[in-house]
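Dear colleague,

I am passing on the structure we talked about, and my notes on what was found in it follow below. Please read them with the model open beside you.

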Amino acid sequence: MKKMENVVKKRNGVNVEQLVGTIEAVKKDPEVADFKFRAKTEWLGGGRSKTTFQPFYGAKETDKSRTTPIVIEGDEPPVLLGENHGANAVEAVLHALGSCLSVGFAYNAAARDIDLDSLTFDIEGKLDLHAFLGLSEQTRPGYEHINLKCRVKSDASRDELKELFDYVQNTSPVLDMLRNPVKVDAEML
């Protein structure tokens with residue numbers, strides 16, 4: 001007789017059993033949901049910088065799953081005096097938004113027994129450099145507007161996908177941070 005292996009059921013690349021287990025763990029102990037993510041950014045010259053992501057705290061302990069640090073490099077395009085070694089900071093915000101919505105969509109689709117064939121987000125942010133360049137106090141230095149379009153292919157109905165898309169927007173941490181002010185304490189050491 002062949003030995004039966006434990007087969008992990010995945011939908012959209014998500015271990016649904018583990019996802020449900022995580023939700024149940026948080027229901028039983030709300031402190032499991034408290035996370036602290038950390039990053040250290042070092043300027044490398046010109047418009048270039050490197051951000052290293054430190055171990056984070058979550059599920060009531062320091063995570064030790066990252067055996068090597070995760071590094072994201074940032075730079076500016078030549079028109080903004082950089083050398084294109086990485087996305088600039090405002091582009092990184094668009095990446096964070098798209099990444100967060102992708103995770104939320106895939107995980108929640110899996111939890112609802114919805115298979116995804118493809119999922120893309122086209123994101124565009126409108127920015128006026130006048131404030132950044134010190135030329136205006138009336139213009140805000142950040143994005144004035146972000147336009148996002150979601151394209152999804154699935155055998156689920158349009159209504160199911162629209163309901164899922166609305167739910168994901170309401171539960172996305174990054175979208176929440178963009179739509180609502182976040183208290184930021186800053187000090188120079």
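**Salt bridges and the residues around them**

Glutamate 73 has a relative accessible area of 27%, and it therefore counts as partly exposed. Before going further, please keep in mind that this is a predicted model, and that the values below are computed from it.

The side chain of glutamate 73 forms a salt bridge with that of arginine 48, with a distance of 2.4 Å from N to O. Because glutamate 73 belongs to strand S7 (residues 70–74) and arginine 48 to strand S4 (residues 48–53), this pair ties together parts of the chain that are 25 residues apart in sequence. Arginine 48 is also partly exposed, with a relative accessible area of 27%.

In the structure as a whole, the search finds 10 salt bridges, and a few others among them deserve a description here. As a general point, side chains of opposite charge can pair when their charged atoms come close.

One of these links the side chains of glutamate 163 and arginine 112, at 3.5 Å from N to O. Glutamate 163 is exposed, its relative accessible area being 52%, whereas arginine 112, at 32% relative accessibility, is partly exposed.

Another salt bridge joins glutamate 144 to lysine 126, where the closest N and O atoms are 3.3 Å apart. Here the parts tied together are 18 residues apart in sequence, because glutamate 144 is in the loop between S8 and strand S9 (145–154) and lysine 126 is in strand S8. Both partners are partly exposed, glutamate 144 with a relative accessible area of 37% and lysine 126 with a relative accessibility of 49%.

Beyond these pairs, Arg11, Asp113 and Asp115 are linked in a network of salt bridges. Aspartate 113, a member of that network, is found in the loop between H2 and S8, and at 53% relative accessibility it counts as exposed. Although aspartate 113 and alanine 87 are 26 residues apart along the chain, their C-alpha atoms are separated by 35 Å.

**Two loop residues**

Asparagine 12 likewise has a phi near 60°, again a positive value in a residue other than glycine. Asparagine 12 lies in the loop between strand S1 (10–11) and strand S2 (14–15), and at 25% relative accessibility it is partly exposed.

Glycine 47 is placed in the loop between strand S3 (39–45) and S4, and with a relative accessible area of 33% it is partly exposed. Leaving aside residues up to four places away in sequence, glycine 47 touches Gly74, Asp75 and Glu76. Glycine 47 and histidine 85 are 38 residues apart in sequence, and the distance between them in space is 9.3 Å from C-alpha to C-alpha.

**How helices H2 and H3 pack**

Two packed helices are described by the angle between their axes and the distance between the axes. For helix H2 (residues 89–111) and helix H3 (residues 158–171), that angle is about 130° and the axes are 9 Å apart, and the two helices are therefore oblique to each other. The crossing of H2 and H3 is right-handed.

Which residues of H2 and H3 meet? On the H2 side they are Leu101, Gly104, Phe105, Asn108 and Ala109, and on the H3 side they are Leu161, Leu164, Phe165, Tyr167 and Val168. Sorted by class, the contact of H2 with H3 has eight nonpolar and two polar residues, and no charged residues.

Conventions. Residues are numbered from 1 along each chain as its sequence is written. This is a predicted model: local features need pLDDT of at least 70, side-chain atom pairs count only at pLDDT 80 or more; totals for chains, interfaces and linings use all residues. Side-chain values use heavy atoms; hydrogens and water are left out. Axes are lines fitted to C-alpha atoms, for helices over the stretch in contact, and angles run from 0 to 180 degrees between N-to-C directions. Helices (H or I, at least four residues) and strands (E, at least two) are DSSP runs, numbered from the N terminus. Angles under 35 degrees count as roughly parallel, over 145 as roughly antiparallel, 65 to 115 as roughly perpendicular and the rest as oblique. A crossing is left-handed if the near helix is turned anticlockwise from the far one by less than a right angle, and right-handed if clockwise. Contact means heavy atoms within 4.5 Å. Ala, Val, Leu, Ile, Met, Phe, Trp, Tyr, Cys and Pro count as nonpolar, Asp, Glu, Lys and Arg as charged, and the others, Gly among them, as polar. A salt bridge is a side-chain nitrogen of Lys or Arg within 4 Å of a carboxyl oxygen of Asp or Glu. Buried means under 20% relative accessible area, exposed over 50%, partly exposed in between (1.4 Å probe, protein chains only).
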